[in-house]
Each structure stands twice: as C-alpha cells, then as structure tokens.
Amino acid sequence: MAWSRRVQQWSRALIGFPVRPALAGLALLTLQACAGQPETPLEPVDWNAPLAGRSIDEILAAPERGIDAAKQPVLMARERVGVRVVDVRGPGTWRTTLDHVHRLSRAERLDDAEVARAIEARAAELPAPYLFELARRVVEEDPQRGLYWYALGQARTVYAGARCTDPSVQANIQATLIDLKPVSEKARVETFDNERLYARILQQVRDQGPITDTTASPWWICSSGQRTLNAARRGGTLAKGDWLLPRADWPVARKAARDHLDAEIARALRAAAQ
C-alpha cells in the first residue's frame, strides 16, 4: 500500500477519537489549580533508563490487584514541557500505567519474543494497555496474532472504562487510545493493509468471549476521572462503590465493548470494500 494512502487512512482514523472538553478527567492540573492541596514530588521520567537487569516478571508485575479495595489517590507533581503539572499517580493508576507501558515500549535490549510471551501469559491479569504493547511486538512477524491482541486491547479498555461509576471516565476511553497511538501504530498500519483480516479478528474477539476473561482491576482507568481527582485534592478515600459499578451492572459494560467492536467491524468492512 502506498504510504500516502496510509497517511490518509491514519488521518481519518484520528478523526474517530476527538479530544473533547470532557477530558477534564485526564487529571492534568496546573499548580495554581491545586494550590494548597496535598502533593508528592515526582521524579522526572527517564524514558531512556534501561530496564535491563530486571526480570520480565519484575517489569510486568501487575500493579493493582485489589478490585474490592478502597482507594486513596495521591496527587504528584512533575515537569511537563517546562510546565509544572499535578496529576493522580501511584500503583495501578491511569497515568502511571500508561507511562509504564510507554517506557516498556521504548526500552532497549529487551527481546521481543520474550516480552511478548510474558505479556501473553499474563494477559488476563494485566491492564488492557499492555495488550497494545504485546500487539506491537508481534504484529510484523505474525499479523493475525498482533491484530488479535490489538482488538482485544481496545475491547478491554472499553470494558474497563464502562465499569467505572464516574461518567467523566468515559472520555478517557478515547484518551487512552489516543495516548497509546505511539505504541499501537504498527498494529494500526497493519489494519489498513489487512482490513478483511482485521474484521474477522474483531468478530472473533466479539463472539468468543475473551473480553471479560480478565481479572485486572478497572481502577487503572477509573482513577482517571474527576471524582478520583477531587478525592486526591481533599486527601480523601474512595470506597469501592465510589469508583466501581456493582457486578450486576457489568453486562452493560460488556455490551459497550461489543458495540465498540461492532463499529470497528463496520468501519473495516467499508474500508475493505473501497
């Protein structure tokens, strides 16, 4: 496929994930907005710091297992493009999880096959963003396998976000997919080259039930909402019911994930027919 066509398709795909004003849930605040609030200094992220010397098990340690636990979100300060920013961070939180996946993606001297095997073995317990990194590491060698994990990563992102009680989190489902574009780029390009294959894989993910086969806590994305931010600003605690929907409501979240896949299937088939 000509590169110009890829760029055009990429541009159209971006239009599908608009950044809306509701992205207040991104939990990015100026220092002025958080004046007087508790805050913990955060060391600058060194994206080039090698992960060598740590085992894959250590690198991929699931950061948040307490799906039924109360949460005590913490504000942390950092420098971003010369501006001091305060956001919610800590084990298992949205921003910390995404930054860890980006760091893993940029790490040198890690064997693709070893990392892919390790993520795949933990796919049920790791937050959905790790599945995009798995897709990135295998899609060139095995497009079908890569597109499968890319599709499942999207579905589980929607499924996690739809289980949160805070409606502001819904905008961050899109924000997550946007944030992870540098990680998912190889898989996205592959979808443009193999639209029919991608549509079949989306149908497989939708119909065979792997969306809900996960023990990962949705806290990783529920922590991105305004409710969590407000709790952190006042130094408060969120009970389970403050951030997580009752299990009786989870079928609605599964439907939201299936609806996302249906929309992707329709888009892929339209593109394949052109």
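**Entry 1. Contacts and overall make-up**

I began with the contacts in the chain that have a separation of 6 or more, and found that residues 24 or more positions apart account for 82% of them. I note that the model is a predicted one. For the secondary structure I recorded 13 helices and four strands. Of the 274 residues in the chain, 51% are buried.

**Entry 2. Salt bridges**

I next turned to charged pairs. Side chains of opposite charge can pair when their charged atoms come close. The structure holds 14 salt bridges, and I examined several individually.

The side chain of aspartate 112 meets that of arginine 137 in a salt bridge, at 2.6 Å from N to O. I located aspartate 112 in helix H4 (residues 112-121) and arginine 137 in helix H5 (residues 129-138); the two are 25 residues apart, and the pair links distant parts of the chain. Is arginine 137 buried or exposed? Arginine 137 counts as buried because its relative accessible area is 9%, under the 20% limit. Aspartate 112, at 39% relative accessibility, is partly exposed.

I then looked up lysine 186 and glutamate 140, whose side chains form a salt bridge at 3.8 Å from N to O. This pair also links distant parts of the chain: lysine 186 lies in helix H8 (residues 181-193), glutamate 140 in the loop between H5 and H6, 46 residues apart. Lysine 186 is partly exposed, at a relative accessible area of 36%. Glutamate 140 counts as exposed because its relative accessibility is 61%, over the 50% limit.

For arginine 206 I found a salt bridge with aspartate 207, with the closest N and O atoms 2.7 Å apart. Arginine 206 is buried at 17% relative accessibility, whereas aspartate 207 is partly exposed at 48%. I also recorded a network in which salt bridges that share partners join Asp87, Arg89, Arg95, Asp99 and Asp179.

**Entry 3. Cavities**

Rolling a probe the size of a water molecule over the atoms shows where empty space is left. How many cavities of 30 Å³ or more does the whole structure contain? The search finds four. The largest cavity holds about 60 Å³ of space.

I listed residues that line this largest cavity, among them Leu126, Pro127, Arg156, Tyr159, Arg163, Thr214 and Trp220. Helix H6 (residues 143-161) contributes the largest share of the lining, three residues. By class, I recorded seven nonpolar, one polar and two charged residues in the lining of the largest cavity.

Methods
Residues are numbered from 1 along each chain as its sequence is written. This is a predicted model: local features need pLDDT of at least 70, side-chain atom pairs count only at pLDDT 80 or more; totals for chains, interfaces and linings use all residues. Side-chain values use heavy atoms; hydrogens and water are left out. On a 1 Å grid over the protein atoms alone, a cavity is a set of points where a 1.4 Å probe fits but cannot get out, and a pocket is an open set with protein on both sides within 12 Å along at least five of seven lines; lining residues have an atom within 4 Å of a point. Grid points are joined across faces, edges and corners, and a volume is the space filled by probe spheres set on the points. Ala, Val, Leu, Ile, Met, Phe, Trp, Tyr, Cys and Pro count as nonpolar, Asp, Glu, Lys and Arg as charged, and the others, Gly among them, as polar. Buried means under 20% relative accessible area, exposed over 50%, partly exposed in between (1.4 Å probe, protein chains only). Contact means heavy atoms within 4.5 Å. A salt bridge is a side-chain nitrogen of Lys or Arg within 4 Å of a carboxyl oxygen of Asp or Glu.
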